[in-house]
Amino acid sequence: MPATGRRSRRVAVLRCIIAALVVTVLLAGLAVLVFWLVVRPKPIEYTVTGALVKHFNITAPPAAALNATFYLTLAADNPNRRVSMRYESLELYVHYGEGEEAPQLAVADVPGFHQPSRNETRLEVRAVARAAPVADRAARELEHDRSAGQVAVEVRVSARVCFEVGRVRSRHYDMRAVCSPVVIGLSPKSARSFPSVPCDVAIS
């Protein structure tokens, strides 16, 4: 076979492969679009419904550090009629203050779980701060909070989730929830009167 003919055949095969890839991508995008248009999932809601801190102790500067155990109860509400959710992973973080610069005090991993449609799942989380380093200013503020009998923190939730309708499963999404301010009393009795804190939830 002449070289020109072999080259033409390779070009034709390459064009077929590219066309097949383009069609596959378009069909996948169309499937996702149809999924969302048909299902129209409602926003997921998170609320901190209970909070308690024990063994709260802050060492003085320099080299200030916090030791504490945070007991948090979160309500994860899936209001969708046909859509269930599968959590592949979920992490909870406790920060002192708000914003990106707020120091992280404690973290907890929550095992993955499946959440049925129209279901509110209660999550009981224990996050431990073991000699969590804090800046001198934050240490002084935490000591003031200890004297005042309560501490205000920001609770952040990060999860890897996918949506399911029957046997159809969506791609994985990143879900983030920010709950602030969560004011926790240092007295055990304060847990009885804890006011629920709604969270801002974003899925991308």
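Buried means under 20% relative accessible area, exposed over 50%, and partly exposed in between, with a 1.4 Å probe and protein chains only. I keep that beside me for what follows.

I'm working on a predicted model, where local features need pLDDT of at least 70, side-chain atom pairs count only at pLDDT 80 or more, and totals for chains, interfaces and linings use all residues. Residues are numbered from 1 along each chain as its sequence is written, and side-chain values use heavy atoms, leaving out hydrogens and water.

**Entry: aromatic pairs**

I searched the whole structure and got two aromatic pairs. Rings of Phe, Tyr and Trp (its six-membered ring) pair if their centres lie within 6.5 Å; planes under 30 degrees apart count as stacked, over 60 as edge-to-face and the rest as tilted.

Y87 and F113 are a stacked pair, at 4.4 Å centre to centre with 15° between the planes. Y87 sits in strand 3 (residues 84-95) and F113 in strand 5, so this pair ties together parts 26 residues apart in sequence. Strands here are DSSP runs (E, at least two residues), numbered from the N terminus. Is F113 buried or exposed? I find F113 buried, at 16% relative accessibility. Y87 is buried too, at 2%.

F163 and Y173 pair edge-to-face, 5.7 Å centre to centre and 65° between the planes. F163 belongs to strand 7 (residues 150-165) and Y173 to strand 9 (residues 173-185), so the pair links parts 10 residues apart in sequence. F163 is buried at 2%, and Y173 is buried at 8%.

**Entry: R118**

I also looked up R118, which lies in the loop between strand 5 (113-115) and strand 6 (119-133). R118 is exposed, with a relative accessible area of 60%.

Definitions and conventions: Helix = DSSP H or I, 4+ residues; strand = E, 2+ residues; numbered from the N terminus.
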